[in-house]
Amino acid sequence: MSSHEPNPDDVLTNPGDSGLDSVLIPEAGGVGSGTEVLVLQPQTTLKLRRCRLQVTAGPDEGRSLVSDKERLRCGAHSSNDLVLAEDRAVSRHHFEILTTERGWLLVDLNSTNGTFLDGRRVERAYLSPGAQVRAGSSQLSFTPIDEEVTLEPDGEGELGGLVGESVRMRQVFALIKKIAPLDVSVIVGGETGTGKELVARAIHERSSRGKGPLVVLDCGAIPPELIESELFGHEKGAFTGAMTARPGAFERAHGGTIFLDELGELRLDLQPKLLRVLENREVRRVGGNDVLEVDCRVIAATNRDLVKEIAAGNFREDLFFRLSVIHLQLPPLRERREDIPLILKRALADPEVLARHGRKHITPEAQALLMAYDWPGNVRELVNVLSHVLAFSEGEDVLPQHLPARLRGQARELPLPFNEHLSFKDAKEQLLENFEREYVNRVLSRCEGNLSRAARESGLHRKSIERLVKKYQLDAKGMKPR
């Protein structure tokens, strides 16, 4: 069923304005129907969705709550957002209100006495402004609150490891500071190496969950057969090699934030399972029967155009809308070249770099080459090039000859060394293995055998680096300085 088709169980009571308010920076590629695109100019208005739920009659009369949460729960138990502790006719978890792409959705949670909307008992119904909800002996009034906030470029040139004095990046910093306190899902888009994980960390650290865990899961770096176990956990004996029970990423992120990197790589058959976890706030481990409650904020990142992936049938539209309450797009480095000198300056001033390599000065000629290069790998590639330069340059000055050949325009395009006498499948597999072996060997050599550093610079999970080292029998220990 399309996410825009009514559910037969829904009582449609004026869904109101369709579409989630989300932000895309800058305008690019389009966003699916129901998503508002805001192009950040020096001053831009961000629309935030909140609602007020007030008890107008009953034992808890006068109690109220204003919330920006995607899911607002009401009931007698203390774990609810709005607690009706005095009303004995109210169930522990009586009803919840969800933010959807079509409006605010009221859902009864299998309550004993039922949930009533404007005098009619409902299981699922869309709320209109001023709607009256009855639970037990309590009458509650629902009021949506749409707030418009003017975003201006932040005054700082750095935020949580992100560096940039360009207007584009200072707009990103301002948006991060504004959305961090909101307990809503975020999709961070951008090319590889633009700093999506740093954005997730900055949002987490500035949120009410900042003291809780931040669990990072790279959906593209985990073998397909293990991704479900990594997400949801597994019980002992659930599959070959499951020697002990293990909690998944959602369990480990309870009370904090889960960052799903490269979400676009997630298998299509796992997407509905992820959606159910997001909607029900509970997981079931692989091979297990118990349902475990989880409470975490979800931030997802992708370098894919998910709208195109939806059109191609590779990504579920309902999962996209569930996650993209806020959609933040990071600009590539080639579109903010003026930040390159600052990024280099901050990196060279790092105490660890100074202790290891001493003071370094990038000459104007070398900097001109760095500014002219297109940086397809973005900030990650720039940092890796700097690592290369520090490893192979002597003296204080960094000269053009210290830079990799491709930055000097001297790199030659060599033909791919494949064997045409093999079948296409075998030739491709051989070529890929040769590339993997050579790539990991070079990265490890530059990182002096440090697996964690090699993982950071390559963008791979440390376990993936370890697997490739073992696969190709590379001597990482022998690459360490003696």
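Trainee: Which residues have the most contacts inside the largest nonpolar core?

Mentor: Such a core is a set of buried (under 20% relative accessible area, with exposed over 50% and partly exposed in between; 1.4 Å probe, protein chains only) Ala, Val, Leu, Ile, Met, Phe, Trp, Tyr and Cys residues joined through side-chain atoms within 4.5 Å. This is a predicted model, where local features need pLDDT of at least 70 and side-chain atom pairs count only at 80 or more, while totals for chains, interfaces and linings use all residues. Residues are numbered from 1 along each chain as its sequence is written, and side-chain values use heavy atoms, leaving out hydrogens and water. The largest core has 31 residues, and those with the most contacts inside it are Phe250 and Leu260.

Trainee: Which strands stand at the edges of the open five-stranded sheet?

Mentor: Strands (E, at least two residues) and helices (H or I, at least four) are DSSP runs, numbered from the N terminus, and two strands pair if DSSP finds at least two bridges between them. The sheet's order is β16-β19-β22-β15-β23, with parallel pairing. A strand with a single partner has one side left without a neighbour in the sheet, so look for those: β16 and β23.

Trainee: What angle does helix α1 make with β23?

Mentor: Helix α1 (residues 167-179) packs on this sheet, touching β15, β22 and β23; touching here is contact, heavy atoms within 4.5 Å. Axes are lines fitted to C-alpha atoms, for helices over the stretch in contact, and angles run from 0 to 180 degrees between N-to-C directions. For α1 and β23, the angle is about 155°.
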